[in-house]
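Biologist: Please take me through one part of this model closely. I would like to look at the interface between its domains.

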Amino acid sequence: MLHTRVCDILGIKYPIIQGGMAWVATAELAAAVSNAGGLGLIGAGNAPAEVVEKEIKKAKQMTDKPFGVNVMLLSPFVEEVMDVICSSRVPVVTTGAGNPGKYISRLKGINSKIIPVVPSVALARRMETLGVDALVVEGTEAGGHIGELTTMVLVPQIADAVSIPVIAAGGIADARGIVAAFALGAEGVQLGTRFVCTEECTAHPEYKRAIVEAKDRDAVVTGRSTGHPVRCLKNKLTRDFEKLEQKGASVEEIEKLGAGKLREAVVEGNTKGGSVMAGQVAGMIKDIKPVKSIMEELISETVPVVEMMKKLVSDRNNGSVYANIWSGYE
Ligand code: TUI
């Protein structure tokens, strides 16, 4: 089976988490992933607290399994969103785009599991010291707001630096990616872009179509000069960003161009002028399927390979770099 500490901590069957994508990760998607044995997340993004509260209520009606909320720490509503999470007793909270340090003791007080997304070894260590339950280690292959390092180099370095479980994210869309993440020392994975292209995802059909049609080099990064780099599919908007950045526009001017553009793409289906956030795996995704069939395929194609790797290591490689990795799998 594919049972790791992540399953025990979160109370889920498979250590597969759905990324908490702003506008895209609604209650419908989160509940479908949780019902299929993974952990679904509602993406709070920049939404006001009332909107997040409504999604939490909806998710509770759609699943009796654990689910979570991803809090985007750059949101102007972050304080109110944390209040709603606490009053609704959300079982799992992941955070992105910043350091969640000041919220940790409060979340622990309501018994929520807290899992920050970290882009570096230093932040991973600091978070472990503050008592978080696990880490999402996200490489630059991911969509949306990204760090600098790849999943391939970040996961093993953080897995070596901390004792809490590591959940790999960025660049994973199928069982090959899951197997690779586990070989690097992860005990769970988070997939975002793959779950956008599902029947249950409420994103506009044109958004899903843009991902299905994307080729290997289409997921590009804009906004590096602002300190908030964002990966999305190449279109008129990314070209306009490029022009602004090249002529040395101010951070304010560049960020103004991005305002409201994610909603335009996800809700209205404007894939030319909107921000079609997606990871580098966009080029690997060829279809739109039900969440359950994706989960079943991921599990059935991962388990035999993981079983083989576990056995190989316990038989012959006990003193090797893999020894610690496979001791945690049941
Ligand atoms: O947060 C994400 N991905 C996102 S958030 C988002 S909404 C947005 N839109 C426009 C601009 C900015 C955000 C779309 N996609 N992923 C998790 C993630 N967290 N990636 C990188 C980080 C991160 C970066 C710095 C986490 C912590 C951090 O800490 C810096 C510090 O304060 O120490």
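**The domain interface**

Modeller: Happy to! Across the interface of domain 1 and domain 2, the rule finds zero salt bridges, where a salt bridge is a side-chain nitrogen of Lys or Arg within 4 Å of a carboxyl oxygen of Asp or Glu. Please keep in mind that this is a predicted model, in which local features need pLDDT of at least 70, side-chain atom pairs count only at pLDDT 80 or more, and totals for chains, interfaces and linings use all residues. Residues are numbered from 1 along each chain as its sequence is written, and side-chain values use heavy atoms, leaving out hydrogens and water.

Domain 1 covers 5–191 + 290–326 and domain 2 covers 205–284; such bounds come from an automatic or database domain assignment. Their centres, taken over C-alpha atoms, are 24 Å apart. Where they meet, 16 residues of domain 1 are in contact with 16 residues of domain 2 (contact means heavy atoms within 4.5 Å).

Together the two domains bury about 1,200 Å², with 70% of it on carbon and sulfur atoms. Buried area here is the accessible area (1.4 Å probe) that two parts lose on being put together, summed over both. On the domain 1 side, Trp 23, Gly 144 and Ile 146 supply 39% of the area buried against domain 2, more than any other three residues.

As for polar contacts, the rule finds six residue pairs across this interface, both residues at pLDDT 80 or more. A polar contact is a pair of N or O atoms within 3.5 Å; within protein, one must be able to donate a hydrogen and the other to accept it, and residues adjacent in sequence count only if both atoms are side-chain atoms.
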